[in-house]
Amino acid sequence: MTVTVNGVRLSYSDIGHGIPIICLHGGMGVDAASLHVPGILDLAQLGIRLIIPDQRGHGESERTSQSDYSHKVWAADVHDLAESLGLRKFALFGHSYGGFLALEYARRWPESLTHLILVSPSAGPGSVQAAAVVTDADLREHFRSIWPRFFVGDDKHWPLFESLQFSADAYTAAFARELPDYDLRKHVAGLDLPTLLIVGQRDPYRQHMEWLAAHLPQPTLCTLEGVGHFPFIEAANQFCQRVAAFIRDREGHLPAR
């Protein structure tokens with residue numbers, strides 16, 4: 001499906017019926033195919049409506065100038081997408097860099113959110129050094145070199161990697177320009193909404209998630225044993241059931257489709 005929001009054409013999947021969750025993929029520079037896996041998609045069988053966009057500059061969504069690739073614009077795209085779909089209130093899910101953007105969205109439009117689900121992000125500051133990439137092919141090879149680090153088990157999920165699309169311009173804007181200034185720590189205490197924090201026990205972001213759990217007003221921290229940066233892949237069923245239970249516990253606060 002496609003929709004024009006905030007001046008750009010976004011491609012998105014809309015799967016299932018019931019409680020709406022907009023899911024933001026990580027990367028940046030990697031498209032939403034990273035979320036089209038059973039640990040996420042099976043939520044649609046549990047009374048949850050999954051809305052999974054390729055964010056601006058990624059996958060099948062429109063590519064614009066690199067100056068448009070910013071936390072502010074990506075968050076505004078989510079806001080306009082929700083409005084275009086008639087979602088007055090919804091839950092927001094963000095994995096990795098998508099979690100950075102979910103926090104940015106929650107800081108700006110908290111009244112539109114019922115829940116926040118964060119998987120392995122940080123509130124800042126950003127410390128990842130940007131790789132020197134020029135083309136999408138360069139970025140693919142960069143991610144190929146680091147991909148095995150994301151998983152604890154012997155299975156490195158290479159078929160998923162091969163399904164991904166890459167965007168060097170979005171990656172460079174995010175990691176070289178946006179991330180060095182990213183720091184939302186002073187805003188975290190004001191995010192007074194139910195927040196599920198899920199992280200792999202072997203994920204380097206675990207300490208950042210523990211910091212969030214200590215500073216958010218309504219946190220629920222779930223650490224999955226023997227799992228790395230993609231808990232919804234390495235512990236798919238456990239992850240899916242945990243998210244569904246968290247949402248259902250507060251279902252009375254959520255509108256149906």
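Biologist: Which helix gives the largest share of the lining of the largest cavity?

Modeller: This is a predicted model. The lining of the largest cavity includes W74, D77, V78 and L81. The largest share, 4 residues, comes from residues 71-84, helix α2.

Biologist: What volume does the largest cavity have?

Modeller: The count comes to 1 cavity of 30 Å³ or more. Its lining divides into 5 nonpolar, 1 polar and 3 charged residues. L10, P53, D54, Q55 and R56 are among them. The volume of the largest cavity is about 50 Å³.

Biologist: How much space lies in the largest pocket?

Modeller: The largest pocket is lined by 32 residues. By class, these are 17 nonpolar, 13 polar and 2 charged. The space in the largest pocket is about 720 Å³.

Biologist: Which element gives the most to the lining of the largest pocket?

Modeller: S96, V128, F150, Y205 and H229 lie nearest the pocket centre. The elements giving two or more residues to the lining are α3 (97-108), α4 (136-146) and α6 (168-178). The one that gives the most, with 3 residues, is α4.

Biologist: What is the strand order of the open sheet?

Modeller: The sheet has 8 strands, with mixed pairing. Its edge strands, each pairing on one side only, are β1 (2-5) and β8 (219-224). The twist averages 25° from one strand to the next. The order is β1-β2-β4-β3-β5-β6-β7-β8.

Biologist: In which sense do β3 and β5 pair, parallel or antiparallel?

Modeller: Strands of a sheet pair through backbone hydrogen bonds, in either sense. Here β3 spans residues 19-24 and β5 spans residues 90-95. L24 stands opposite G94 in β5. Over 4 bridges, the sense is parallel.

Biologist: Which strands does helix α7 lie across?

Modeller: Helix α7 covers residues 206-215. It runs at about 160° to β7. The strands it lies across are β6 (113-119), β7 (195-200) and β8.

Biologist: At what angle does helix α9 run to β6?

Modeller: Helix α9 covers residues 236-249. It lies across β3, β4 (48-53), β5, β6, β7 and β8. Its angle to β6 is about 160°.

Terms used: Residues are numbered from 1 along each chain as its sequence is written. This is a predicted model: local features need pLDDT of at least 70, side-chain atom pairs count only at pLDDT 80 or more; totals for chains, interfaces and linings use all residues. Side-chain values use heavy atoms; hydrogens and water are left out. On a 1 Å grid over the protein atoms alone, a cavity is a set of points where a 1.4 Å probe fits but cannot get out, and a pocket is an open set with protein on both sides within 12 Å along at least five of seven lines; lining residues have an atom within 4 Å of a point. Grid points are joined across faces, edges and corners, and a volume is the space filled by probe spheres set on the points. Ala, Val, Leu, Ile, Met, Phe, Trp, Tyr, Cys and Pro count as nonpolar, Asp, Glu, Lys and Arg as charged, and the others, Gly among them, as polar. Two strands pair if DSSP finds at least two bridges between them. Axes are lines fitted to C-alpha atoms, for helices over the stretch in contact, and angles run from 0 to 180 degrees between N-to-C directions. Contact means heavy atoms within 4.5 Å.
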